[in-house]
Amino acid sequence: MKMKMISILIVAQSMNYYTMSQENNLSSDITIYVITSCSPIDWSNPSKLFKSLNICYINAALRKNYYIIGHTIVRINSPLLSKPLFIAMSGVSKTEKLELVFIKKLGLGALGATIQGHIESEASIKKGIKLYTKRGNIAFIKFLIPEKSVERVLKFVEYYQKPDVKNFFPAKMYNGALYPRYENEGSGCSAFGITLLDIANILPSDAKNWCVNLKLPMNLIGGEFNDNKKINPWLLYKTKNWYNDNGKEGIEYVNHKMYDPSIIFKWIINKRLENDSIFKPIVENEIGGLVVDKRHIIFDVNAPILLQRKDSDVFIKQYHYKIKSLNTNQSN
């Protein structure tokens, strides 16, 4: 009798798995993968940030890391696609940020500087996922979504990498201070992934905890953002505090917000241990992650995909000035 009950349970579990698999194959989903930085990044103050980032680059060189300060990748599955779409935004050069600090001496201006960006190839993305799966430094959130959400995301993806009449497209511009849902703005890797969730109307409320919010002292920002001043890296090394006074924004400090893949990774790992009723732990292709069902969300399908930015700072102003100049030069 006991063996019979065990057999019934095994069959029931198999049937349940088959039903879930069938349902998922016929539905759409968007998965956001996050990969941790080579070593922990410490955002406590400029000095600790500077030191921890240097260690990241050293470790990257020693271990031949694919991604240095972490990465965010998105996979879209849908009957609307002939095969899953893997997409990620990245900088073309892995050392350009170092050059901004040590050669051009932008100081913390490097956080808001624009470098050459591109949409990473599918082969490169899959290689990265495979590598970091072996190392245990990757996690994901899988959102089951309606096709209408996929349609919106795919429209954005097309816009983001399609050249206009002046050969401009946002995917050319890698910049951690930007948010690509704003028209003509490039992006960092994490902001790009977050934007796709935002457009699909599935961005979790906890996403506000996935980013760092800093007040960057203006005396640590150089280059085009601050009268072409040169910031000696030693000044970053010895500064123990972010700006914490009541000065004027844009004159004495710059507010800077950016999503950190390592913070999202830790959030996923902690959520897997909470027995949450919404974000449920799963393992897929040997990667631990979460799944959440958003197939029944209600939203305005006619809501604009692109938004107009209403706020600004020295990084944003300089970016828009730069792309305006590029477009003007290309049209002449």
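**Close-up 1. Phe143 and its contacts.** Leaving aside neighbours within four places in sequence, Phe143 is in contact with Ser28, Asp29, Ile30, Ile32, Leu197, Ile202, Pro204, Phe279, Val292 and Lys294. Contact here means heavy atoms within 4.5 Å. The model is predicted: local features need pLDDT of at least 70, side-chain atom pairs count only at pLDDT 80 or more, and totals for chains, interfaces and linings use all residues. Residues are numbered from 1 along each chain as its sequence is written, and side-chain values use heavy atoms, with hydrogens and water left out.

**Close-up 2. The nonpolar cores.** A nonpolar core is a set of buried Ala, Val, Leu, Ile, Met, Phe, Trp, Tyr and Cys residues joined through side-chain atoms within 4.5 Å. Buried means under 20% relative accessible area, exposed over 50%, and partly exposed in between (1.4 Å probe, protein chains only). The largest core has 72 residues. Ile30, Ile141, Phe143 and Leu196 have the most contacts inside it. Its largest share, seven residues, comes from α6. Helices (H or I, at least four residues) and strands (E, at least two) are DSSP runs, numbered from the N terminus. Another core, of 13 residues, lies apart from the largest one; Ile35, Tyr66, Tyr67 and Ile73 are among its members.

**Close-up 3. Ser28 in strand β1.** Ser28 belongs to strand β1 (residues 28–35). Ser28 is buried, with a relative accessible area of 2%. Its side chain makes a polar contact with the side chain of Ser78 (3.0 Å). Such a contact is a pair of N or O atoms within 3.5 Å; within protein, one must be able to donate a hydrogen and the other to accept it, and residues adjacent in sequence count only if both atoms are side-chain atoms. Not counting residues up to four places away in sequence, Ser28 touches several residues, including Asn77, Pro79, Phe143 and Val150.

**Close-up 4. Pro204 in a loop.** Pro204 sits in the loop between α6 and β8 (211–217). Pro204 is buried, at 11% relative accessible area. Phe143, Trp210 and Phe279 are the residues that Pro204 touches, not counting those up to four places away in sequence.

**Close-up 5. Aromatic pairs.** Rings of Phe, Tyr and Trp (its six-membered ring) pair if their centres lie within 6.5 Å; planes under 30 degrees apart count as stacked, over 60 as edge-to-face and the rest as tilted. This rule gives 14 aromatic pairs. Tyr67 and Tyr132 are stacked, 5.9 Å centre to centre, with 25° between the planes. Tyr67 lies in the loop between α2 (46–63) and β2 (71–77) and Tyr132 in helix α4 (residues 122–135), so the pair ties together parts 65 residues apart in sequence. Both Tyr67 and Tyr132 are buried. Tyr160 and Phe192 form a tilted pair: 4.9 Å centre to centre, 40° between the planes. Tyr160 is in helix α5 (residues 147–161) and Phe192 in helix α6 (residues 189–199), 32 residues apart. Phe50, Phe102, Trp234 and Tyr237 form one aromatic cluster.

**Close-up 6. Charges over rings.** A charge sits over a ring if NZ of Lys or CZ of Arg is within 6 Å of the ring centre and within 35 degrees of the ring normal. Arg135 lies over the face of Tyr132, 5.6 Å from the ring centre. Lys215 lies over the face of Tyr253, at 4.8 Å from the ring centre.

**Close-up 7. Cysteines.** With a disulfide defined as a pair of cysteine sulfur atoms within 2.5 Å, the count is zero. The sulfur of Cys38 is 5.5 Å from the closest cysteine sulfur, in Cys56, too far for a bond. Cys211 is in no disulfide; the nearest cysteine sulfur, that of Cys189, is 14 Å away. Cys211 is buried, with a relative accessible area of 10%.
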